[in-house]
Amino acid sequence: MKTVRFGIIGCGLMGREFASAAARWCHLPDMPARPQIVALCDQDPGALGWYRDNFPTVTQVTQDYRAILANPAVDAVYIALPHNLHREVYCAAIEAGKHLLGEKPFGMTLPDCQAIVAAAQARPELLVRCSSQSIFFPAMQRICGMIERNEFGQVIELRTGFLHSSDLDPNKPINWKRRVEINGEYGVMGDLGAHACHVAFRAGWVPRNVRAILSDIVKERPDGKGGRVPCRTWDNATLLCETGATGADTFPWTVRVQRIAPGQRNNWYTEICGTRASARWTSARADLLEVLEYTGGEQAWSQVQTGHETAFKSITAPIFQFGFSDAILQMWAAFLHELAAGRPLTRFAACLTPEEALLSHRLFTAALKSQEHSAVVSV
Ligand SMILES: NC(=O)c1ccc[n+]([C@@H]2O[C@H](COP(=O)([O-])OP(=O)(O)OC[C@H]3O[C@@H](n4cnc5c(N)ncnc54)[C@H](O)[C@@H]3O)[C@@H](O)[C@H]2O)c1
């Protein structure tokens, strides 16, 4: 099995998720490649203790990402930094010849994303992908199979979203994800939006235009030092798009990404209504896929418990439940598989491409304009 030596740049919440996935690679018995964590970069030395305790393979620890990019013993990098740093560090990584899995939104702004995509296109020998894991839930893979086999018939409507309630508490102190200068003007769309676009874009369903309603619900927050500061990021976004494959009829696609969705914890959902079949799934009940097949008779939803039927073979028995860290592991399997095999396992068992990330930026930029002018805006 080929070993790919990884550096992690940004060793916070998501850096730890990747490192943990690498540590249980033995879960995936059929992989052509394995990641090995050899280098770490974080500006906060306090972020690194957990890695030191758990990853004896690390030979480089630095506060300067350039040192990792200059290290010939690093083949690939995972970058999980605040959004204002994506453009600089992703472009530098690609120019240094490192394969890259970069966190969404893949640049803070549309021009940032365009610069990253241009850098990636200039180095086609490198694998450059954007993180997005919800497509790897078994129910989502089943829905993707239905799309692939054209089982929905004509699509009537698509609804996707990603809902949190992490910001319902107005006394939660502000952090970088609530600051426009670091998270970006997209607000919640930059944070959660790419996840809600992955399946649609991979299916070839491209938004033609959008009418967006964006909400700034909590306008100031504690600064963590006894004072209060403005919180100017959009908390919630609802986007209604006219969408369709090239040359086909359009259908409505509603995307909801919300940080203030009472009762929701970290829930992705996808609902597709078609003339021959419909399907719906939410990660709030991750094991449950609901399908309605219409052949002219009774219309009845059937319920399927999907268990652990993964795209990339796992040692976990198929009857056992699947969760967030399993989706992260499957996403990493998709990246490593594509790196080793030169192509994705399947069309839908694959990470978001830079071009798909760019399409999400075009959608979110149009959504900002739509909100500003209370108008439908072309994407
Ligand atoms: N895929 C997902 O489900 C998911 C979930 C959460 C966050 N994210 C994305 O992951 C990325 C990181 O988010 P996070 O939640 O891990 O954030 P985090 O704040 O937990 O971690 C970011 C880390 O970057 C470090 N850092 C900041 N500036 C740095 C610099 N100049 N040099 C080196 N290190 C620096 C910080 O010290 C921190 O440890 C973001 O793009 C975010 O949108 C993805």
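**Figure 1. Pairing of strand 4 with its neighbours in the predicted model.** Strand 4 and strand 5 (residues 99–102) run parallel and are joined by four bridges; two strands pair if DSSP finds at least two bridges between them. Helices (H or I, at least four residues) and strands (E, at least two) are DSSP runs, numbered from the N terminus. A76 stands opposite H99 in strand 5. Strand 4 (residues 76–79) also pairs with strand 1 (residues 2–9), again in the parallel sense and over four bridges. The bridge partner of I9 in strand 4 is I79. Residues are numbered from 1 along each chain as its sequence is written. This is a predicted model, in which local features need pLDDT of at least 70 and side-chain atom pairs count only at pLDDT 80 or more, while totals for chains, interfaces and linings use all residues.

**Figure 2. The largest nonpolar core.** This core has 107 residues, and those with the most contacts inside it are I8, I9, V77, I79, M140, A237 and A367. Helix 8 (residues 188–203) gives the largest share, ten residues. Domain 1 (2–130) and domain 2 (135–319 + 353–378) both contribute, so the core lies between them. A nonpolar core is a set of buried Ala, Val, Leu, Ile, Met, Phe, Trp, Tyr and Cys residues joined through C-beta atoms within 7 Å. Domain bounds come from an automatic or database domain assignment. I8 touches G15, F18, A19, I37, L40 and Y78, leaving out residues up to four places away in sequence; contact requires C-beta atoms, placed from the backbone, within 7 Å.

**Figure 3. Residues around the ligand.** The shell divides into ten nonpolar, six polar and five charged residues. Ala, Val, Leu, Ile, Met, Phe, Trp, Tyr, Cys and Pro count as nonpolar, Asp, Glu, Lys and Arg as charged, and the others, Gly among them, as polar.

Figure 4. Beyond four places in sequence, P138 touches T306, G307, H308, E309, T310 and F322. Apart from neighbours within four places in sequence, E185 is in contact with V180 and L368.

How values were computed:
Buried ≥ 20, exposed ≤ 12 C-beta atoms within 10 Å, placed from the backbone. Contact = placed C-beta atoms within 7 Å. Near = placed C-beta within 6 Å.
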